[in-house]
Amino acid sequence: MKKSLIVLFCAVPVFLPGYPVSGQDTDSWKASPGIVEKLSKARSDVNYYEEKVPAYVLPDLLLSSSGRKINTASAWMKQRRPEVLELFRENVYGRIPPTPYTKTFRLVNEDSNAMNGMATLKEIDIVIGSEGKSLTIHLYIFLPNNEKKPVPLFLLINNRDPSNIDPSRKVRSEFWPAEEVIARGYGIAAFYNADVDPDKYDEFRDGIHGILDRGRGADSWGTIAAWAWGASRCMDYFVSDRDIDDKKIAVAGHSRGGKTALWAGAEDQRFALVISNESGCGGAALARRKFGETIARINGSFPHWFCTNYRKYNDNEDSMPVDMHMLMALIAPRAVYVASAEEDLWADPRGSYLSLYHSMPVFQLLKTKTSLPEAMPPLNKPVYSGKAAYHIRDGSHNMLLKDWNWFMDFADTLFK
Ligand code: GTR
């Protein structure tokens, strides 16, 4: 296997060893040749071969734009972190407009005998208004009845059919396994992403863009940033509810929802844990690997997800001033869980793990006792270290109870 060269930009270049070196880490995950072949046959224009990943240079996390070496926690938090956050706003997800708005929480339904008495259901309408227009985010929350309050809670950004988050529980889905989460002593909440912004390209007329945008530029927020903003409005509610421990909130999402969860955690430091499941391109996966989905492909298929500036990096990843290890670092010293699936090479499992791995210098600078090895863990063997976690599950692109059980195991190490 080819050894990829990773050089960090800094005054004295640091050469990190490539991954993987043959003969090393024999039980760590490697893509199954059968899956690689099958996917490559279906899309010959997409790279699924590790040996075809180009050599790349990752931007240095710990070097400020003015050339200052960042070597203390306070220099990271006060100088470099805000700088990196701005780079992501400017080049990837876009900026939230400063438009003032009103926000009202309405408890529209409460049932203290939900799930056969196991939980209390609260349905909250979060009503956002500006200049005579308004939008409502429906937030569903189940809280365990048998736990001491306040409780820690998982918030799912639901990017799939609303039936996945059915408050009546007539429909039950592993995508939001509410009963199982309640049984583990956590609260579980969800909102439907399209409440905030429908997932379609309409030149940003509908959803929250139609309410808060006052003109748009190349750095204006896209739909992912809008969904992340929606997650923060849910967080505003959690802060106001004394039954919920707002210091122990995990924000979780799958795929486009997983990209959103990462950005929500970067923009809003109130989230204590970010769970990004199979988020791939524009999420956890390192863009410079050009493995599976690439920036050009994602901007082509989903022109509304990111800011317009992101298109500058179509087939031009190496010129991007950030890569996704820097997004992981924005979450530190809080916790981040990245998950992949064996058959989901489109979302680049190895690139997603490496992104987490290359954010370790920041987790360490912030004294989080977090240290992941460069080698990926084997299939179905989660690795947890301090504030970082990763697993690769067998099977295809989805978020299943198996994933959630591992997320909760990790959350137990942080919150219980
Ligand atoms: C795909 C897209 C991915 C991923 C996925 C999903 O079509 O290429 O980036 O987000 O959708 O959200 O399920």
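Histidine 397 has a side-chain N or O atom 3.1 Å from an oxygen atom of the ligand. This distance, like every value here, comes from a predicted model. Tryptophan 346 also takes part: one of its polar side-chain atoms sits 3.0 Å from a ligand oxygen. For lysine 259, the distance from a polar side-chain atom to an oxygen atom of the ligand is 2.8 Å.

The protein buries 80% of the ligand's area, which is 320 Å² when the ligand is taken alone.

## The ligand shell

Histidine 397, Trp346 and Lys259 belong to the set of residues surrounding the ligand. Ser255, Arg256, Glu293, Ile298, Phe302 and Trp305 complete that set. By class, the shell holds 4 nonpolar, 2 polar and 3 charged residues.

## Leucine 62

Leucine 62 sits in a loop. Strand E3 (56–58) lies on one side of this loop in the chain, and helix H2 (73–93) on the other.

Is leucine 62 buried or exposed? Its relative accessible area is 13%. The cut-off for buried is under 20%, so leucine 62 counts as buried.

Serine 168 gives a distance across the model. Its C-alpha atom is 49 Å from that of leucine 62.

Terms used
Residues numbered from 1 in each chain as written. Predicted model: local features only at pLDDT ≥ 70, side-chain atom pairs only at ≥ 80, totals over all residues. Heavy atoms only, no water. Near = heavy atom within 4 Å. Polar contact = N/O pair within 3.5 Å; in protein donor to acceptor, adjacent residues only side chain to side chain. Areas by Shrake-Rupley, 256 points an atom, 1.4 Å probe, with all protein chains shown as cover. Nonpolar A, V, L, I, M, F, W, Y, C, P; charged D, E, K, R; others polar. Helix = DSSP H or I, 4+ residues; strand = E, 2+ residues; numbered from the N terminus. Buried < 20%, exposed > 50% of the residue type's maximum accessible area, 1.4 Å probe, protein only.
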